[in-house]
Amino acid sequence: MEMIAPAAQELIPNNAAATGDDALLEISLGPHHPSTHGVFRMDVVLDGERVVKLKPVFGYLHRNHEKIAEGASYLASMPYTDRLDYIGSLTNNWAYALAVEKLAGIQIPERAEYIRVITAELTRLQNHASTIGFLTQEMGASGSPLMYSFREREKILDLFESLTGSRMMCNYMRFGGCRVDLPAGWLDQTRKVVADFPGFLDEFERLLEGNEILLARTQGVGVLSRELAIQAGVTGPILRASGVNYDIRKVDRYGIYDRFDFRVPLGEHGDVYDRYMVRMLEMRESLKILEQALRDIPSGPIMDTKTKIRGFRPKAGEAYGRIESPKGELGFFLISDGSPNPYRYRVRPPSLINLTVLEDMCLGSNVSDTIVIFGTIDIVLGEVDR
Amino acid sequence: MNLEKIKSDIEAAVPGCRLQIILNGSPSGQHSLLLGREHAVEIARFLRDDPELRLDYCSNVTGVDWLDSETSEKVKVKKLVDGVEQEVEEVRKTRTPGYLEAVYHLYSMEKKHGPLVLRLRPENRTDHVTLPSLTPVWRSAEFQEREIFDLYGIIFEGHPDLRRILMWDEFEDHPMRKDYVEPNDYEYEPTPHDAVLEKSKQARAIEGQR
């Protein structure tokens, strides 16, 4: 009990001083439990098995990413963005590149736009696949479903490796375009992965959809209302599972997303099941985008020739750029004072802000459900703590 | 979004409020609106509930620290030197006091427009670092205002749970401020060993005097 921070002592309501059968139990979930997705801790007050109060505790992975980036040049921060949400480094690259491009008014070549869309949608596929794998793991299905999704994820990571040289820390995009052109045969390999992926989704759906345990553990659990989701700034698949039609790919139409035909899946109930289903459907929509992008990709340059990425000094000013990352709205807010380093560099982390509603979703549910609800938020601690 | 129109709409809805448009020199064209502290919560409520704007989604909240800055310019002044009037160059310095800032990026999920950038500034950087909290209006500001409190030291009045979020509770300074100096060792704790070392140093010093 002495492990609990002083602030957490105040969690226990005053009337709970009584000892005996009706006493409340204060426990610390995490930080090193396998299902906490990293070093994350929750101070939970329990009435029997029921959660009465829950406060997330952050900061175990805090390294002040923003301060470090303010001391480095614009280009030097690019590889460091990989370490935010380390499942989807390419979308992090894109968000940062987009913010710098807005700040300095850079246009990027057509081919680079297509490569960005292809890599970002592949990132979304492997992120959602592994999230659903983790979710089944947290419901007690140890092993098989997670390994099925990791098998598919590995195929996509192989593509990343042959393109960027790294499976997870890709460091691939630059403001003004992309770092290197596609290697020979990469597009054909990708077409094959994309063509095979629906088979995996069908298999996964057959495995999980009608599963009684999955239905019992997810339907009606952790309901998030539409109003609260908007009010608390929740974004990404969780928001859409609560029935709000807000996808930044459709709203901002950044990059070239206005050229593709795809739909935004929405949930009705806002429970864990809907969040799972929205991710499954989103993968199918991503496959549609990928098919169109792989069909239409033109040849040409991949870097804007006017942009000097080394010794880059944008004019004084500020810009906020955001994209739809697999976890929600990932934004970068940059202020330039005309020097080679950003004066202010801010990451808007979807994982952290989506956790605002964790307590609201968990109140009144069991401890075992708390873990499942936490899993569907889909956080990565590298981004939460920065 | 037409910032001039929003400004006049706010002025009509919240009489007596202080508003100023801050221009942004970057090609992004995201100009911002500086709000007076006194009416900030009322203005925020208006922006959220106004049927035309409906800025129901507060996306990004962050702090910025601007240090005291000094700009010097050369001015030609006429002066009497040895009884003769001469033109002399003089360096004139203007000092702008530094300030902290909280920046809010607002969007509308209903109308699908945005961003509207709001700025709030506490009175100074040292002893009056308070701002009204906008968490009662947009809950998404809850963790982000806590983060500003933690890393910049702005105190948000009316915040439901203002504690440090990323640094540990015993930490004293605000590391994102531009004048923050890192300690040699973050986790330094005096140990009994230090006391022994100190004693031996003193003993040696006394020996040296003899």
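These legends describe close-up views of a predicted model.

**View 1. A three-stranded open sheet in chain A.**
The strands of this open sheet run in the order β6-β7-β8 (chain A). Their pairing is antiparallel. Strands of a sheet pair through backbone hydrogen bonds, either parallel or antiparallel. β6 (317-325) and β8 (344-348) of chain A stand at the edges. Each has a single partner strand, so one side of each is left without a neighbour in the sheet. From one strand to the next, the twist averages 10°.

**View 2. The pairing of β7 with β8 in chain A.**
Strand β7 of chain A spans residues 328-336. It pairs with β8(A) in the antiparallel sense, over 5 bridges. Which residue of β8(A) is the bridge partner of Ile335(A)? The partner is Arg344(A).

**View 3. Helix α4 across the strands.**
Helix α4 of chain A covers residues 89-104. This helix lies across β6 and β7 of chain A. It runs at about 150° to β6(A).

**View 4. Leu334(A) and its contacts.**
Find Leu334(A), then look beyond its neighbours within four places in sequence. Its contacts there include Ala99(A), Val100(A) and Leu103(A). Glu318(A) and Ala319(A) are also in contact with Leu334(A).

**View 5. The largest nonpolar core.**
This core has 142 residues. Those with the most contacts inside it are Ala99(A), Val100(A), Leu334(A) and Leu106(B). Helix α5 (residues 110-138) of chain A gives the largest share, 11 residues. Why does the core lie between domain 1 and domain 2 of chain A? Domain 1 (6-57) and domain 2 (65-385) both give residues to this core, so it lies between them. In soluble globular proteins, nonpolar side chains tend to be buried together.

**View 6. Leu215(A) in helix α8.**
Leu215(A) lies in helix α8 of chain A, residues 212-218. Leu215(A) has 13 C-beta neighbours inside 10 Å, so it counts as partly exposed. In sequence, Leu215(A) and His32(A) are 183 residues apart. In space they are 28 Å apart, C-alpha to C-alpha.

**View 7. Chain B.**
Chain B has 4 helices and 9 strands. Along the sequence they follow the pattern α-β-β-α-β-β-β-β-β-β-α-β-α. The radius of gyration of chain B is 25 Å, well over the 17 Å that the globule rule gives for 210 residues, so the chain is more spread out than a compact globule. Its C-alpha atoms fill a box of roughly 85 × 70 × 30 Å, taken along the principal axes. Of the 210 residues in chain B, 33% are buried.

Definitions and conventions: Residues numbered from 1 in each chain as written. Chains lettered and ligands numbered in written order. Predicted model: local features only at pLDDT ≥ 70, side-chain atom pairs only at ≥ 80, totals over all residues. Pairing = 2+ DSSP bridges. Helix = DSSP H or I, 4+ residues; strand = E, 2+ residues; numbered from the N terminus. Axes fitted to C-alpha atoms, helices over the stretch in contact; angles between N-to-C directions. Contact = placed C-beta atoms within 7 Å. Core = buried A, V, L, I, M, F, W, Y, C linked by C-beta atoms within 7 Å. Buried ≥ 20, exposed ≤ 12 C-beta atoms within 10 Å, placed from the backbone. Domains from an automatic or database assignment. Rg over C-alpha atoms; globule rule 2.2 N^0.38 Å.
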